[in-house]
Amino acid sequence: MSAPTGTQYELVHAAQRAVVTERGAGLRAYQVDGVDLVTTFAEDQYPDGCQGLQLMPWPNRIRDGRWFLNGVEQLLPINEPERHNAIHGLVTDRFFTVVAQDEASITQRLLLEPSPGWPGTLELLVTHTLGDAGLGVEVTATNLGEVTVPFGYAAHPYLTAPDGAALDDCRVVLPFSQHLTSDERLLPVELHDVTGSSLDRRSPAPLAGLGLDDAFTSPVTVDGIWEAVVSGPQTSTVLWADQDMAWLQVYTPGDRASIAVEPMSCGPNAFNEGPTHADLTVLATGERTHLRWGVAHRVLV
């Protein structure tokens, strides 16, 4: 019987191993020296909570699935009925085609065509590569249609606690100076400076007692890259992204077995006016956007 996530593509480089899925172009596993850096799931399972999947052409949530294009109302399917939102885009259950592959890298393609609430045509390319610096992911979206459309992207990895530690015994760095408050439907209300609050994690701080399902922005970058870090006693797991992915969603599941660290190119409900709208990418015919993020394993000195 075939896997629910389709063909499984194994990548290998030195002590690293990753598994990428056909369905959703998802990251099912990433290991260094046989140790999982992200939560994994069995080949005969489907990921819970969009674990490891690509979120396009919008990340996070759109209120009531409703947005406007040139004054015309668009209504997306409601796939978070308990909050009446459209969540996590249109490609998590789509099967991507392989266009290039070698031992340590794979590029997958999907043509996203018009559907209810989505009038655009986008070519989406996702490349996973293992190298000396760790796992790198590159995403390119090109507008092949005749309609100018908005575009947003996020990845959805869940990081394991390093060194077999309990999550509450780990320290975290979140290099962002603004936090987005949200309403009961996890939709944006207002941006606030994190200075002086419990959400200021720009310096290493314990995760103990901190429950998150929150978006952050205004990253501190070095050479155009920001790094969110989860550290155990001996090693750190680093999730990095380029400055065009200026948002981060952080979620601590109730079981405290992992932490979702989700780089985003825009915040929730960015298709609509509000505190997240300014970072939305708009692609005219023939235009493209290119985004990068990755995961690295580091030994603490």
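Tutor: On a 1 Å grid over the protein atoms alone, a cavity is a set of points where a 1.4 Å probe fits but cannot get out, whereas a pocket is an open set with protein on both sides within 12 Å along at least five of seven lines, and a lining residue has an atom within 4 Å of a point. Two cavities of 30 Å³ or more are found in this structure. The model is predicted, so local features need pLDDT of at least 70 and side-chain atom pairs pLDDT 80 or more, while totals for chains, interfaces and linings use all residues. Residues are numbered from 1 along each chain as its sequence is written, and side-chain values use heavy atoms, without hydrogens and water.

Student: What volume does the largest cavity have, and what makes up its lining?

Tutor: Its volume is about 70 Å³, a volume being the space filled by probe spheres set on grid points that are joined across faces, edges and corners. The lining consists of N60, R61, L180, S182, L186, D213, D214, A215, Q249 and P268. Two elements, β18 (176-182) and β21 (213-219), each give two or more residues to this lining, and β21 supplies the largest share, namely three residues. Such strands are DSSP runs of E, at least two residues in length, numbered from the N terminus.

Student: Which classes do those lining residues fall into?

Tutor: Ala, Val, Leu, Ile, Met, Phe, Trp, Tyr, Cys and Pro count as nonpolar, Asp, Glu, Lys and Arg as charged, and the others, Gly among them, as polar. By that rule the lining of the largest cavity has four nonpolar, three polar and three charged residues. The second largest cavity, of about 30 Å³, is lined by L27, V38, T39, Q51, G52, P157, Y158 and W293, and these divide into five nonpolar, three polar and no charged residues.

Student: Which residues lie closest to the centre of the largest pocket?

Tutor: This pocket, with a volume of about 320 Å³, has 15 lining residues, of which G49, H88, H156, Y158 and Y251 are the closest to its centre. Its lining divides into four nonpolar, seven polar and four charged residues.

Student: Why is D242 called buried, and why is R292 called partly exposed?

Tutor: Buried means under 20% relative accessible area and exposed over 50%, with partly exposed in between (1.4 Å probe, protein chains only). D242 has 6% relative accessibility and therefore counts as buried, whereas R292, at 33%, counts as partly exposed.

Student: How do you know that R63 and D183 form a salt bridge, and which parts of the chain does the pair link?

Tutor: Their closest N and O atoms are 3.4 Å apart, which again meets the distance limit, so the name applies. R63 belongs to strand β6 (residues 61-63) and D183 to the loop between β18 and β19 (188-193), 120 residues apart. D183 has 19% relative accessibility and so counts as buried, while R63, with 28%, is partly exposed.

Notes: Helix = DSSP H or I, 4+ residues; strand = E, 2+ residues; numbered from the N terminus. Salt bridge = Lys/Arg side-chain N within 4 Å of Asp/Glu carboxyl O.
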